[in-house]
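Trainee: I would like to learn how to read individual residues in a model like this one. Could we go through a few of them together, step by step?

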Amino acid sequence: MKKDFRKKVIELRKKQSTQSIIYKSKKISDIILSLEDIKKASTIMLYLDFNNEVKTDILVNSLISLGKKVLVPITVKENKTLIPSQIKNIDTEVEVGTFGIREPKKEFIRKTDIESIDILIVPAVAFDINRFRLGYGGGFYDRFIEKLRPDSITVGIAFEFQVFDSIPKESHDAQLNYIVTEERILK
């Protein structure tokens, strides 16, 4: 069920033009930057996009220029965990790592305590209108979200076509505080 649904949405995402992805990603970044919670936060963790996900480079650069401490995940395949690492310059400090996902180069790894995260911005294959996410199936983010401070805010970002009335979900799947698309904010 989950597997088929995931495959269907990934196929939809593959059909998006590069121009469409860039345009919608910019709109999503603008919405995120306008959120009061983002303005108040000092430490924000977000993913580095790949495979037609919402592009995050503009957002990373904007948050750094606003003086935010910006963290990105390092993926540890063996125990399916994410390690937050501070990034100061996306152009010089990043390379392709685990699963083909961009991560900090070894010399720029600045491990940061999960406790310090005010906002976590997560990718997904799909979301539902009740703010549940369907990830890629590894459970990396579900496990990570469980370790956040209770007052940390979770934000899912996706294109509007990735939001459904309902998605296949299980008890361990995390419900987020916000979903932001190029068209709306669900909270």
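Mentor: Let us begin with glutamate 53, which lies in the loop between E1 and H4, and keep in mind throughout that this is a predicted model.

Trainee: Is glutamate 53 buried or exposed?

Mentor: Buried means under 20% relative accessible area. Glutamate 53 has a relative accessible area of 5%, so this residue counts as buried.

Trainee: Which side chain of opposite charge is nearest to glutamate 53, and how far away is it?

Mentor: The nearest one is arginine 13, at 4.6 Å. A salt bridge needs a side-chain nitrogen of Lys or Arg within 4 Å of a carboxyl oxygen of Asp or Glu, and glutamate 53, although buried, has no salt bridge.

Trainee: With which side chain does the side chain of glutamate 53 make a polar contact?

Mentor: The partner is the side chain of tyrosine 136, at 2.6 Å.

Trainee: Which residues does the UniProt annotation "binding site" cover?

Mentor: According to that unreviewed entry, the annotation covers Leu48 and Glu53. From this set, the lining of the largest pocket takes in Leu48 and Glu53.

Trainee: Where does leucine 48 lie, and what is its relative accessibility?

Mentor: Leucine 48 is in the loop between strand E1 (43-46) and helix H4 (57-65), and it counts as buried because its relative accessibility is 3%. Beyond its neighbours within four places in sequence, leucine 48 is in contact with Glu53, and also with residues including Val60, Ile90 and Arg102.

Trainee: Could we finish with a residue from a strand?

Mentor: Isoleucine 157 is found in strand E9, which spans residues 153-157, and with a relative accessible area of 2% this residue is buried. Not counting residues up to four places away in sequence, isoleucine 157 touches several others, among them Ile28, Tyr47, Val122 and Val180.

Trainee: How far apart are the C-alpha atoms of isoleucine 157 and threonine 81?

Mentor: These C-alpha atoms are separated by 20 Å, while the two residues are 76 residues apart along the chain.

Methods: Residues numbered from 1 in each chain as written. Predicted model: local features only at pLDDT ≥ 70, side-chain atom pairs only at ≥ 80, totals over all residues. Heavy atoms only, no water. UniProt positions renumbered as here; feature names shortened; annotations may be inferred. 1 Å grid on protein atoms, 1.4 Å probe; cavity = no way out; pocket = protein on both sides within 12 Å on 5 of 7 lines; lining within 4 Å. Helix = DSSP H or I, 4+ residues; strand = E, 2+ residues; numbered from the N terminus. Buried < 20%, exposed > 50% of the residue type's maximum accessible area, 1.4 Å probe, protein only. Contact = heavy atoms within 4.5 Å. Lys, Arg positive; Asp, Glu negative; His and termini not counted. Polar contact = N/O pair within 3.5 Å; in protein donor to acceptor, adjacent residues only side chain to side chain.
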